[in-house]
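Hi,

Here is the structure I promised to send over. Have a look first, and my notes follow below.

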2 protein chains.
Amino acid sequence: MPATPHLEKHFTATEVVRDVVIGMSDGLTVPFALAAGLSAAVSSTAIIVTAGLAEVAAGAIAMGLGGYLAARTDAEHYASEAAREGQEIDHLRDREVHEVEGILRNYGLQGEPLRTVVAAITSDRQRWIDFMMRFELGIEKPDPKRALTSALTIGGAYLVGGLVPLVPYMLTRDIATALKVSVITTGVTLLVFGGVKGHFTGVNKGRAALQTLVVGGLAACAAFALARAFG
Amino acid sequence: MPATPHLEKHFTATEVVRDVVIGMSDGLTVPFALAAGLSAAVSSTAIIVTAGLAEVAAGAIAMGLGGYLAARTDAEHYASEAAREGQEIDHLRDREVHEVEGILRNYGLQGEPLRTVVAAITSDRQRWIDFMMRFELGIEKPDPKRALTSALTIGGAYLVGGLVPLVPYMLTRDIATALKVSVITTGVTLLVFGGVKGHFTGVNKGRAALQTLVVGGLAACAAFALARAFG
């Protein structure tokens, strides 16, 4: 796979940040919204804590294992697509050569230079496959070690994020007080997390912080309204 | 952006499938696990339905809006990286030319053909940026219309998936019966969904079906054990 060390480093960091963002976004939002919603419908913080912890455990496992399987599936998807490209190169050689030419023409190559480059790429089967994977299908080769790291990162981030809104309900039996404290602490955490997320993804920090708060707030309001209507 | 119509079609289908998989995987798993967990801790199906619906509403909004913002962030990330590449081309031209040469050497180019290709790519600023984005950073240009579709697909899939395990609790007041029916109907749905997911991602259908069932089952068992311990 033609790739500089710089590229791989860049990519791994992005993926870890992406996993933390995936896990913590939902972890901060859904258990928070569930606890807020149940505050409108039940009369005991014990039920809210029980439901919240059950949700956090289920969510962390579902998202963590889901991330593990998704990473594994990505790796298998890459392998099966690469095998298909290899078969096409073996059995539909002319068509694949035309595809390489078409791709390179888009980069402004023509005439003799085009023929030279096509000859260079198609002279090595593995290099040809790598080229088609990146150019025709736009797929990066996944790191086989990503699956486990991805699972633990997503699941752990969900767990950490999910406990933030629940702690107030563990510390008091007064639902109204717990709800207020949970809204404030989770709101501040969402703002900070959104800002950090913005920093890593290279978008405006203030806007990212507000967006994250709005998502959590809207989810909590919907859960609250629904729980009040049905509770 | 050099891309054949075939590539774009391939890619869009993959992304829609991916969004449905993201939404429905969690939608089938987490509300199911929450309802199963609460079955061990509370004495009324009304509380389970209320908590379940609050969770489904919160989850659908959080995941849908999260998907919307993630797609928007991808688009902004691409734009900011492309702008940076553009600046590097303007101000660090020699270094960027060396990078193009290095990348093409990995594809077996050298000597006069290499110089010709480098000259062709670097003769057009936009083409040069496109080349660096795909080759150095490995980033595809995101479709600007993806964000809204992605949001509705993920949120809708979560909603549909989340209602499956809750319906039994709406139809009877007997928690043990509701739990049994929920486990069976959700189990069958997870198997079918896993098989369909396997079909679209090109991995073994039977294994994908079993994996999906195991994730849902483990999440539900963890939620059940935790809720029984705390409830």
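This is a predicted model: local features need pLDDT of at least 70, side-chain atom pairs count only at pLDDT 80 or more; totals for chains, interfaces and linings use all residues.

As background, two copies of a chain are related by a rotation about an axis and a shift along it.

Residues are numbered from 1 along each chain as its sequence is written, chains are lettered from A and ligands numbered from 1 in the order in which they are written, and side-chain values use heavy atoms, with hydrogens and water left out.

On to the interface. Chain A puts 68 residues into the contact and chain B puts in 68 residues, contact being heavy atoms within 4.5 Å. Because 100% of the interface residues of chain A are also interface residues in chain B, the copies meet through the same surface. Between chain A and chain B, about 5900 Å² is buried, and carbon and sulfur atoms give 70% of that (buried area is the accessible area, with a 1.4 Å probe, that two parts lose on being put together, summed over both). A:T50, A:Y107 and A:R134 supply 11% of what chain A buries against chain B, more than any other three residues.

How many salt bridges cross the interface of chain A and chain B? The rule finds 2, a salt bridge being a side-chain nitrogen of Lys or Arg within 4 Å of a carboxyl oxygen of Asp or Glu. B:R207 forms a salt bridge with A:E76, with 2.7 Å between the closest N and O atoms. Over all chains, the search of the whole structure gives 14 salt bridges.

There is also a network of salt bridges in chain A, linking A:E81, A:R84, A:E88, A:R95, A:E96 and A:E99. Within it, A:R95 meets A:E96 at 3.4 Å, N to O, and also A:E99 at 3.7 Å, N to O. A:E99 and A:R95 sit 4 residues apart in helix α3 (residues 93-106) of chain A, so about one helical turn separates them; helices are DSSP runs (H or I, at least four residues), numbered from the N terminus. A:R95 is partly exposed at 41% relative accessibility, A:E99 is partly exposed at 21%, and A:E96 is buried at 0%. The cut-offs are under 20% relative accessible area for buried, over 50% for exposed and partly exposed in between (1.4 Å probe, protein chains only). In chain B, B:R95 forms a salt bridge with B:E96, the closest N and O atoms being 3.4 Å apart.

Last item: A:M170, in helix α6 (residues 146-171) of chain A, is partly exposed at 42% relative accessibility.

Cheers

Definitions and conventions. Helices (H or I, at least four residues) and strands (E, at least two) are DSSP runs, numbered from the N terminus.
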